[in-house]
Amino acid sequence: MPEQRHHGCKRLDRSAEQRQGGREDVLLGECQLNELDAEIIYGDALTDDAKGLTQADLILANPPFGSKAGSRRDAREDLPYPNANKQLLFLQHIYMSLDKNGRAAVVLPDSVLFDAGVGKLIRRDLLDKLTFPK
């Protein structure tokens, strides 16, 4: 008998105030239409709030742009390339959160593609971990 997987939707938001334009309602509605479980967790993915999240087979993300630190709490220690750039931190969080055959679609500013410092190391790490379909 094939392995049965539990499918569901999760969303991690820093606060309830982040409900912009009813996106939370759209997520819940889509999950309900597709008979998936939905869970919204209030926390910051760049802090220890992300501990305990399960690996995902699909991640769709539009992380916040800008250079503000956002959270005043300590950043996660499990990210291999600590830095002050939120976009690079989110990119690491996303690719580290995927399961072995997981996929992701992420909106990021072009600066992530051209950062010559730690961004180059993160891009190399990402490419080393990618599996391309044949």
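Trainee: What does the accessible surface of the chain come to, and what share belongs to carbon and sulfur atoms?
Mentor: The accessible surface is about 9,700 Å², and carbon and sulfur atoms hold 52% of it. Accessible areas here come from the Shrake-Rupley method with a 1.4 Å probe, and for residues only the protein chains shown count as cover. Keep in mind that this is a predicted model: local features need pLDDT of at least 70, side-chain atom pairs count only at pLDDT 80 or more, and totals for chains, interfaces and linings use all residues. Residues are numbered from 1 along each chain as its sequence is written, and side-chain values use heavy atoms, with hydrogens and water left out.

Trainee: What is the mean pLDDT of the chain?
Mentor: The mean is 77, and 66% of the residues reach 70 or more. pLDDT is the predictor's confidence in each residue, from 0 to 100.

Trainee: And where does pLDDT stay under 50?
Mentor: Over residues 1–6, for which the model has three contacts beyond four places in sequence. Contact means heavy atoms within 4.5 Å.

Trainee: OK, the fold. How many helices and strands are there?
Mentor: Four helices and four strands, running β-α-β-β-α-β-α-α from the N terminus on. These are DSSP runs numbered from the N terminus: helices are H or I with at least four residues, strands are E with at least two.

Trainee: How much of the chain counts as buried?
Mentor: 27% of the 134 residues. Buried means under 20% relative accessible area, exposed means over 50%, and partly exposed is in between, with a 1.4 Å probe and protein chains only.

Trainee: Is helix H2 largely enclosed or open?
Mentor: Largely enclosed by the rest of the structure, because 10 of its 11 residues (86–96) are buried. Among them are Phe90, Leu91, His93 and Tyr95.

Trainee: What covers those buried residues?
Mentor: The cover includes strand E3 (56–61), strand E4 (98–106), helix H3 (111–114) and H4.

Trainee: Which residue caps the N-terminal end of H2?
Mentor: Asn85, with a side-chain oxygen 2.8 Å from the backbone nitrogen of Gln87.

Trainee: Switching to charges: how many salt bridges does the structure hold?
Mentor: Three. A salt bridge is a side-chain nitrogen of Lys or Arg within 4 Å of a carboxyl oxygen of Asp or Glu. One of them joins Lys51 and Asp48, with the closest N and O atoms 3.8 Å apart. Lys51 is exposed at 63% relative accessible area, while Asp48 is partly exposed at 42%.

Trainee: What about Arg76, where is its place?
Mentor: In the loop between E3 and H2. Arg76 is buried, with a relative accessible area of 11%, and its side chain meets that of Asp78 in a salt bridge (2.8 Å, N to O). Asp78 is partly exposed at 43%.

Trainee: Which residues does Arg76 touch beyond its neighbours up to four places away?
Mentor: Ala45, Leu46, Thr47, Asp48, Ala50 and His93. A polar atom of the Arg76 side chain also lies 2.9 Å from the backbone oxygen of Ala45.

Trainee: Which residue forms a salt bridge with Asp125?
Mentor: Lys129, with the closest N and O atoms 2.5 Å apart. Both lie in helix H4, four residues apart, about one turn of the helix. An α-helix has 3.6 residues a turn, so residues three or four places apart point the same way. Asp125 is buried at 11% relative accessible area.

Trainee: And what is Arg123 in contact with, leaving aside its neighbours within four places?
Mentor: Val112, Leu113, Phe114 and Asp115. Arg123 is in helix H4, and its side chain reaches the backbone oxygen of Asp115 at 3.0 Å. Arg123 and Leu91 are 32 residues apart in sequence and 9.1 Å apart in space, C-alpha to C-alpha.

Trainee: Last one: which residues make the nonpolar surface patch?
Mentor: Leu127, Leu130 and Phe132, with a patch of about 300 Å². Patches are made of residues with over 30% relative accessible area and no salt bridge; like charges are joined within 9 Å, and nonpolar side chains (Val, Leu, Ile, Met, Phe, Trp, Tyr) within 5 Å. Leu130 sits in the segment after helix H4 (118–129) and is partly exposed at 38%.

Technical notes. A polar contact is a pair of N or O atoms within 3.5 Å; within protein, one must be able to donate a hydrogen and the other to accept it, and residues adjacent in sequence count only if both atoms are side-chain atoms.
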